[in-house]
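Let's take a walk through this structure together, going from a pocket to the aromatic rings. Keep the viewer open as you read.

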Amino acid sequence: MDEYVYIVILNWKGAEDTIACLKSLSLLEGVKYRVVICDNNSLDGSYELIRDKVGEIPVFCEKKLVELTRFDAESYDIENEDAVYLIQTGDNLGFSGGNNVGIRFSLNQADMSYVWLLNNDTEVTPKSLYHMVERSQSDETIGICGSRMVYHHDRTILQGLGGTYNRWLGTTRHYAAYKASNTVFDDEVSSQIDYVIGASMLIKKELLETVGLLCEDYFLYFEELDITCRAFSAGFKHSISTNSIVFHKEGGSTGHVLKKSKCSDLLSIKNRIVFSEKFYPKYTFFVRIGLLGVILNRLKRKQFDRAVYILKVFFGSA
């Protein structure tokens with residue numbers, strides 16, 4: 001049986017970005033793949049626009065479009081049909097919840113070998129998937145593989161090659177951020193990072209069957225750190241394919257309105273505590289103390305409502 005990579009794209013009020021992403025996917029080379037689009041109950045016409053436009057994209061126009069509900073998708077068997085799958089999740093389930101709908105669908109299929117979680121606000125190069133699969137197959141212990149993430153608006157600048165985590169503050173930082181996008185790295189770069197950037201994350205089937213799906217405790221942010229930690233505990237490694245290039249519009253997948261918004265700001269801060277308590281409880285006291293500096297910062301910006309919320313997080317009441 002031929003093996004396929006199932007590409008899961010989560011959409012929430014971002015039809016134009018999703019369609020641009022799909023157009024770039026239609027040019028992929030070297031790997032057999034299937035596309036699964038999950039819509040988190042967009043109420044702006046995104047679902048309908050994506051449904052109507054898929055048939056206009058080369059390669060995909062030759063395939064059947066199969067529309068499924070979240071509940072239908074959980075037991076759907078593709079039976080070798082050549083199709084693009086559009087799943088309505090029925091609610092805004094967040095990053096983990098929405099992607100998990102697509103992951104569950106993919107795990108049901110006998111021909112699935114990897115799931116590629118790809119943000120809808122990305123565009124890929126033709127060999128991007130091939131290089132990730134190649135890197136993953138070079139070492140059977142690699143369970144998660146990421147890409148060279150490059151800013152979409154300026155393709156000369158790196159967004160990062162994975163990221164690092166500060167246990168004392170509960171903060172993250174993209175590795176090699178803002179370097180020239182053509183900077184040469186060797187395979188050792190994987191040992192310098194703590195996680196793969198979630199906008200492009202190739203996950204092996206065996207890892208998902210061993211450690212489970214994305215954790216839905218976060219709604220948004222820290223999901224990739226969570227699954228990386230669980231993977232490590234189960235004996236899997238993470239890696240980066242520096243030849244896999246993905247252009248990222250950063251912020252588009254959560255809706256441009258949410259970029260640097262109150263919602264995204266507060267979720268990222270709250271999840272510092274959620275993640276620390278789960279994996280590094282001995283450091284959580286220091287992470288909480290670090291929030292005092294964040295509160296002062298928001299007060300300086302006159303973001304008083306945010307400061308109040310973070311204070312509630314500090315005391316564990318939010």
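Sorted by class, the residues that line the second largest pocket are nine nonpolar, five charged and four polar. This is a predicted model, so please read the values below as computed from it. The second largest pocket has a volume of about 360 Å³. Its lining comprises 18 residues, and those nearest the pocket centre are Ile193, Asp194, Thr228, Phe232 and His238. Which elements give two or more residues to this lining? They are α7, covering 223-233, and β12, covering 237-248. Of the elements, α7 gives the most to the lining of this pocket, namely five residues.

Now for the rings. The model holds 14 aromatic pairs, counting rings whose centres lie within 6.5 Å. One of these joins Tyr76 and Tyr85, with 6.2 Å from centre to centre and 65° between the planes. Why is this pair called edge-to-face? Because an angle over 60 degrees between the planes counts as edge-to-face, and the planes of Tyr76 and Tyr85 stand at 65°. Tyr76 has a relative accessible area of 21% and is partly exposed.

A second pair to look up is Tyr151 with Tyr178. Their ring centres are 6.0 Å apart and their planes make an angle of 20°, so this pair is stacked. Where do the two partners sit? Tyr151 belongs to strand β7 (residues 142-151), while Tyr178 is in the loop between β10 (171-174) and β11 (200-204). The pair therefore ties together parts that lie 27 residues apart in sequence.

One aromatic cluster is formed by Tyr165, Trp168, Phe222, Phe275, Phe279, Tyr280, Tyr283, Phe285 and Phe286.

Finally, let's turn to charges over rings. Arg155 lies over the face of Phe247, at 3.9 Å from the ring centre. Lys127 lies over the face of Tyr130, and here the value is 4.6 Å from the ring centre.

Note on methods:
Residues are numbered from 1 along each chain as its sequence is written. This is a predicted model: local features need pLDDT of at least 70, side-chain atom pairs count only at pLDDT 80 or more; totals for chains, interfaces and linings use all residues. Side-chain values use heavy atoms; hydrogens and water are left out. Rings of Phe, Tyr and Trp (its six-membered ring) pair if their centres lie within 6.5 Å; planes under 30 degrees apart count as stacked, over 60 as edge-to-face and the rest as tilted. Buried means under 20% relative accessible area, exposed over 50%, partly exposed in between (1.4 Å probe, protein chains only). Helices (H or I, at least four residues) and strands (E, at least two) are DSSP runs, numbered from the N terminus. A charge sits over a ring if NZ of Lys or CZ of Arg is within 6 Å of the ring centre and within 35 degrees of the ring normal. On a 1 Å grid over the protein atoms alone, a cavity is a set of points where a 1.4 Å probe fits but cannot get out, and a pocket is an open set with protein on both sides within 12 Å along at least five of seven lines; lining residues have an atom within 4 Å of a point. Grid points are joined across faces, edges and corners, and a volume is the space filled by probe spheres set on the points. Ala, Val, Leu, Ile, Met, Phe, Trp, Tyr, Cys and Pro count as nonpolar, Asp, Glu, Lys and Arg as charged, and the others, Gly among them, as polar.
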